[in-house]
Amino acid sequence: MGKERKVKGRVSRIGSYAIASSITNDPCSISCTTFNILAPIYKRLGNSEDKRRESDYRSFWYSRNQRILDWLLYERSSIICLQEFWIGNEDLVNLYEKRLGDAGYINFKLARTNNRGDGLLTAVHRDYFRVLNHRELLINGIGDRVAQLLHVELLVPFSQSRNNSISQEILIVNTHLLFPHDSSLCLVRLHQVYKILQYVESYQKENKLNPLPVILCGDWNGSKRGHVYNFLRSQGFVSSYDTAHKYTDADAHKWVSHRNHRGNICGVDFIWLLNPNSYRKLLKTSWSEAVFSMFKYLLRKASLTEHDTFAFLKGDSNGDFITYSGFCEGLRLLKLTGHDHGLNPEEIKDLWVQADIDGNGVLDYKEFQQRIWNATWSEQVDVNSNEVGGTEEQIVGFSVKNAVLFPTEAEKGLWPENYSLSDHARLTVVFSPVRMPCYAVK
């Protein structure tokens, strides 16, 4: 057992050294860690049929969380985002608040709704940031999910070595999406991300902020092959880990970050970066395309070809076109509507408006092909194109300097049997601030 601890400690310290070296070589850099720490109320003791939970044994969960904190404080990331934080246990909450507070962190915690027991904790180090605002987002609906938004200002040494008039603010988001127990819940996860992005967008407009970097952290409960991943990509976000390692979308198998309760290993933990000069689609357009992509996936899963699908959606239509009622019936039959967590009437109408290019009230075959069957994620427009003035300003963005998963086996797509801190890997990313041009909001 002692030998196992030594080996694990040595391997983890190699990764931590790489992160520390990146920061030492560039004192302006900041680091960010996201980690689902597996709430003791969910941690099974023994096999899947064992009803015992770690929460019943104080010495077990207390020791494990002390070790988690040891590693977090050893790495000393500028930003720490934790999921499945056992917010319902006062002793555990006090443990984290005391040790993180003593180490110089400002802590924010948020419980999931309906007394689920766990929640989120976001901590930022006072040596790196001044907190300008903190907001809580309750994503009402199935799963009782929540999100935190922190608006922070980057402090020294970057501000001392650059022109102080340059904006040096960041939005940090921490969240934990629903686990897709079945395919019908994929739409719920997409909805949850849509609500988060809507909230971020409305916060920026409400506070009349110029475009600024956004860092999204958390357990997204979905891989690079999923609809949520494509949705975020269409909004200009990049996966920091993949960027650091120069991985493409086809490299999804090269790393993992979670072994779920079914024994499957997958990459679900991400730190997403959106730079202020990124070009992306309008949010509503991206949302519609994400739903149409899911629509097409379900149709193909049902073994329907392009021509079969057009006939299916036409239904009893007398002409060679799809009516609104036929479109709605198709959504219902594919279980995208007709239940509490399905599309609402306003969203259905928005989808129809997006699909009906010429606005004549029906979809012909060309519109069906262009907007439903062959819809792509490639076309991008500047989301701020209608909101910018003519003055170009310098603003701070970030380049991804390094990214490491712990345990390091996860970086090779493997999961070590002797890893016991959580059923998730820790992901730490180092960002280096860079100047970039951006246009002022009118």
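This is a predicted model: local features need pLDDT of at least 70, side-chain atom pairs count only at pLDDT 80 or more; totals for chains, interfaces and linings use all residues.
Visitor: Which strands form the open sheet, and in what order?
Guide: Six of them, in the order β5-β6-β7-β8-β12-β9. The pairing is mixed.

Visitor: Which strands stand at the edges?
Guide: β5 and β9 (238-239). Each has a single partner strand, so one side of each is left without a neighbour in the sheet.

Visitor: What does helix α4 touch?
Guide: Helix α4 (residues 186-206) packs on the sheet and touches β5, β6, β7 and β8 (214-219). Its direction makes about 135° with that of β5.

Visitor: Is β6 enclosed or open, and why?
Guide: Largely enclosed by the rest of the structure, because 9 of the 10 residues of β6 (residues 145-154) are buried.

Visitor: How many bridges join β5 to β6?
Guide: 10, and the two strands run antiparallel.

Visitor: New topic. Where is N260?
Guide: In the loop between β10 (258-259) and β11 (265-266).

Visitor: Buried or exposed?
Guide: N260 counts as buried, because its relative accessibility is 10%.

Visitor: What does its side chain reach?
Guide: The side chain of N260 reaches the backbone nitrogen of R262, at 2.8 Å.

Technical notes
Residues are numbered from 1 along each chain as its sequence is written. Side-chain values use heavy atoms; hydrogens and water are left out. Helices (H or I, at least four residues) and strands (E, at least two) are DSSP runs, numbered from the N terminus. Buried means under 20% relative accessible area, exposed over 50%, partly exposed in between (1.4 Å probe, protein chains only). A polar contact is a pair of N or O atoms within 3.5 Å; within protein, one must be able to donate a hydrogen and the other to accept it, and residues adjacent in sequence count only if both atoms are side-chain atoms. Two strands pair if DSSP finds at least two bridges between them. Contact means heavy atoms within 4.5 Å. Axes are lines fitted to C-alpha atoms, for helices over the stretch in contact, and angles run from 0 to 180 degrees between N-to-C directions.
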